[in-house]
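Hi,

Here is the model I promised to pass on.

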Amino acid sequence: GIEENEQPEKYEETLVMTPDELGIEENEQPEKYEETLVMTPDELGIEENEQPEKYEETLVMTPDEIGIRTKPESNKYEETVAMTFAEMGINTDGFDLEDEDMGMKTDEFELTDDDQLIPKKIQKSQKSQKSQKIQKSQKIQKSQKIQNHQESRKTALGFERVVAIAPEAVPSEAAPSEAAPSEAAPSEAAPSEAAPSEATPSGSEKANQDTQNRADKKGFAASAMEKEYFKNSVIKPGKTSKYGFHGELTAGGMGAILKVLDHNLQRISAMKVIKPNFKEKPDILSSFVTEARITGLLEHPNIIPVHELGLMNNTGLFFTMKLAEGEALNDILDKIDAGKTEYAKEFNTYRMLNIFRKVCDAVSFAHSMQIVHQDIKPHNIMIGPYGEVLLMDWGLAAHIGNPDKEKDPILRSFFKDLHITSGPLKVMIKGSPAYMAPEQATGNPGLIDERSDIFLMGATLYNMFTLKAPYIGDSLKEIVLKARARDLVLPGARNPGRQIPEEVCRIITKAMSMKKSDRYQRIEDMAEDIDDLIAGKWSGQEKRIFEANQDLMKEGESGEEAYLILNGRVEVVKESDQNLIVLGTLNAGDIVGEMSLIRKETRSASVRAVEKTDVAILTKELVSQNLKKLPPYMEKIVSTLSDRLRIANSNIHPHLAGDCSQVVLKQLRMTFKDKAENNIEELALPLDKLTEEIAMDLGLPRERVNQAIENAVEKGIIKHSGDKITISDLKLLNEY
């Protein structure tokens with residue numbers, strides 16, 4: 001019993017009002033843009049002479065040189081727009097650029113009656129399609145109406161019964177928008193409840209009808225018991241609609257998200273509907289259905305799943321999807337930027353990279369079906385409480401492939417229908433100006449491909465690490481012009497206090513290259529670099545295999561390489577008076593020759609493979625490159641420690657650099673003389689005390705002293721009995 005002219009008394013979250021009703025003047029500008037806009041170039045007021053004359057990857061100019069007045073970064077323009085050149089005031093005669101830079105020349109376009117620039121090839125195809133569609137529709141219209149009337153006898157509940165409820169008959173406790181699709185009169189049946197009236201059956205609809213006929217023949221048709229059980233056990237008593245409405249969750253530029261309860265499944269879902277002001281616009285209706293169908297097609301763990309597309313009298317077109325719980329990534333970034341330490345601690349570099357990596361998977365899956373998102377940004381990434389990551393809002397998504405080349409007949413029919421319902425390609429600027437790729441800012445749909453999404457992924461990663469959108473300005477027009485020219489402050493310079501690892505900056509810069517040919521060519525290539533960064537994998541490692549007894553390095557040689565042992569075992573040896581002294585044994589995971597990475601000098605020892613050994617070769621360039629994956633302060637710490645080690649190594653004890661056996665035995669002889677009063681042959685001294693005394697006198701480690709004494713015992717120069725050391729031949733000891 002609600003009249004059309006009745007207005008809600010309370011406005012929550014979203015106001016549907018005209019500017020006049022709010023008292024807003026036309027020249028007033030919003031201070032923050034964070035929504036998706038569909039706008040024409042004329043609405044931006046961009047003149048022909050405002051187009052950048054030259055497109056370089058980086059503008060090396062001061063604001064004063066190009067006449068730009070700098071403003072604080074408080075004004076943010078992060079909404080999505082779709083605008084024609086005419087609405088932005090851009091004269092399209094100015095487009096004469098190469099395809100890789102900005103796109104098609106103007107002689108490839110033709111002006112239509114509604115002042116839209118349409119590529120000639122596409123326009124010709126559209127005329128043919130329109131003529132065929134009208135001709136075909138006229139032939140089947142009458143029979144289709146009859147079929148629709150028959151089909152409307154079967155409701156969505158699975159049994160043949162039609163309930164027509166007038167608005168006045170809706171229970172008072174139910175919201176007016178709760179009329180069930182199954183309760184509409186036959187003439188108002190929803191698309192989900194009956195075949196669309198006055199529409200040409202598509203190839204997919206014919207295939208579905210054939211499948212239904214085959215299913216009926218195999219006995220899959222609903223039985224009387226099934227119908228009765230569904231009526232009594234699934235449909236909740238007293239419920240006059242399939243959905244119960246529980247408030248509005250959020251609203252965007254053209255749609256709103258409602259929280260609903262599916263009474264049949266007893267599942268809480270999100271329902272997207274079109275705002276009242278846009279319900280009479282065919283383009284909006286087409287985009288809405290396309291979004292639902294594309295999102296429904298993309299069944300992936302990191303893409304929001306769609307449950308149902310339909311029509312209800314009190315909501316209009318709708319589609320339901322999983323109710324995603326959590327926080328939008330842009331809200332998380334804002335809290336980190338505001339200094340909330342708990343968010344900065346939780347969303348560290350490792351967590352951010354893992355979130356981004358899951359988004360890569362979602363985009364990769366979409367690209368495998370030749371579907372591009374066109375509006376990737378932190379606002380459209382939802383982070384769940386248990387690690388879930390969902391890429392949302394596929395409202396601008398488009399299929400850029402050729403449906404005829406699709407091998408799967410079902411998908412081939414789906415994509416053909418998609419291209420028909422999407423309508424002709426128009427010169428429209430679609431996307432979020434604060435993040436969009438240069439080709440998006442031209443409005444030329446023929447330039448959009450997977451690499452446009454890769455640019456958006458780079459812009460998203462830019463925002464995640466700098467906490468700023470790539471482009472900011474005083475007006476929407478200024479932002480679009482910056483995006484078109486890629487007037488970008490590099491991430492490392494945008495927020496130096498964030499200490500962004502140089503490897504992250506490299507990935508961002510490559511993904512956001514001006515030319516599409518300079519970007520990652522596949523999202524999988526970008527994901528691989530992210531994987532290497534997360535795993536700490538050193539890039540560019542050369543590997544080598546050494547056989548048993550083969551030298552990795554020789555004492556006295558000059559070398560600039562170190563070796564990371566991957567498999568096998570090596571010995572560090574030193575030759576002294578034709579004697580081979582083993583200084584140590586190294587296994588998998590150890591590094592040898594590391595001093596050559598700090599300074600150029602001759603090898604102080606030889607390294608020999610004990611068994612077949614695999615190593616990775618480390619060079620100064622490789623180490624420097626991989627240190628850049630760390631925050632800059634970590635690189636400085638490593639460099640400082642290396643300098644101190646180099647200084648310490650130059651001041652090292654002279655007897656530690658080589659074989660200390662001779663000096664130890666000399667000290668041993670002097671110790672015996674002091675204690676024996678020239679009767680050395682009869683003197684035996686405790687090994688532990690003797691070792692400790694010599695180590696203290698010479699400033700050597702006890703281990704090195706013990707090793708020298710053991711070597712002398714093996715050669716028969718001194719004797720070791722029990723815990724005592726004696727000298728049997730003083731002359732031999734003196735000669736040694």
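To start with the surface: the accessible surface of the protein chain is about 40400 Å², and carbon and sulfur atoms account for 49% of that. The areas come from the Shrake-Rupley method with a 1.4 Å probe, and for residues only the protein chains shown count as cover.

Some housekeeping before the details. This is a predicted model, so local features need pLDDT of at least 70 and side-chain atom pairs count only at pLDDT 80 or more, while totals for chains, interfaces and linings use all residues. Residues are numbered from 1 along each chain as its sequence is written, and side-chain values use heavy atoms, with hydrogens and water left out.

The overall picture

The protein chain has 22 helices and 30 strands. Both are DSSP runs numbered from the N terminus: H or I with at least four residues for helices, E with at least two for strands. Of the 736 residues, 41% are buried; buried means under 20% relative accessible area, exposed means over 50%, and partly exposed is in between (1.4 Å probe, protein chains only). If you take contacts between residues at least 6 apart in sequence, 70% of them join residues at least 24 apart. A contact here means heavy atoms within 4.5 Å.

The H15/H16 pair

Helix H15 (residues 502-511) packs against helix H16 (residues 523-535) at an angle of about 175 degrees, and their axes are 11 Å apart. The axes are lines fitted to C-alpha atoms, for helices over the stretch in contact, and angles run from 0 to 180 degrees between N-to-C directions. The two helices are therefore roughly antiparallel (under 35 degrees would be roughly parallel, over 145 is roughly antiparallel, 65 to 115 roughly perpendicular and the rest oblique).

On the H15 side, the residues that meet H16 are Glu503, Val504, Arg506, Ile507 and Ala511; their partners in H16 are Met526, Asp529, Ile530 and Leu533. Buried in H15 are Glu503, Val504, Cys505, Ile507, Ile508 and Ala511. The cover over those buried residues includes helix H12 (450-466), helix H14 (491-494) and H16.

One to click on is Asp529, in H16. Asp529 is buried at 18% relative accessible area, and beyond its neighbours within four places in sequence it contacts Arg506, Ile507 and Tyr520.

Helix H21

Helix H21 (residues 702-714) has 13 residues and spans 18 Å from first C-alpha to last, close to the 18 Å expected at 1.5 Å a residue. That expected span is 1.5 Å times one less than the number of residues. Val705, Ala708, Ile709, Asn711 and Ala712 are the buried ones in H21. Down the axis of H21 they fall within an arc of 160 degrees, so they line one face of the helix; the arc is that of the directions from the helix axis to the C-beta atoms. Glu703 and Glu714 are exposed on the other side of H21. Just after H21, Gly716 has a positive phi of about 80 degrees.

Most residues other than glycine have a negative phi. Which way does Gln370 go? Its phi is positive, about 60 degrees, although Gln370 is not a glycine. Gln370 sits in the loop between helix H9 (349-368) and strand E13 (371-372), partly exposed at 36%. Asn549 also has a positive phi, near 70 degrees. Asn549 is in the loop between strand E18 (542-546) and strand E19 (551-553), and at 61% relative accessibility it counts as exposed.

Val610 is in the loop between strand E26 (606-609) and strand E27 (613-618), and is partly exposed at 26%. Val610 and Ala548 are 62 residues apart in sequence, yet 5.1 Å apart C-alpha to C-alpha. Not counting residues up to four places away, Val610 touches Ala548, Arg569, Val570 and Glu571.

Ile304 lies in the loop between helix H6 (282-297) and strand E10 (306-312). At 3% relative accessibility, Ile304 is buried. Its C-alpha is 6.1 Å from that of Met392, 88 residues away along the chain. Among the residues that Ile304 touches are Thr295, Met321, Leu390 and Met392.

Cheers
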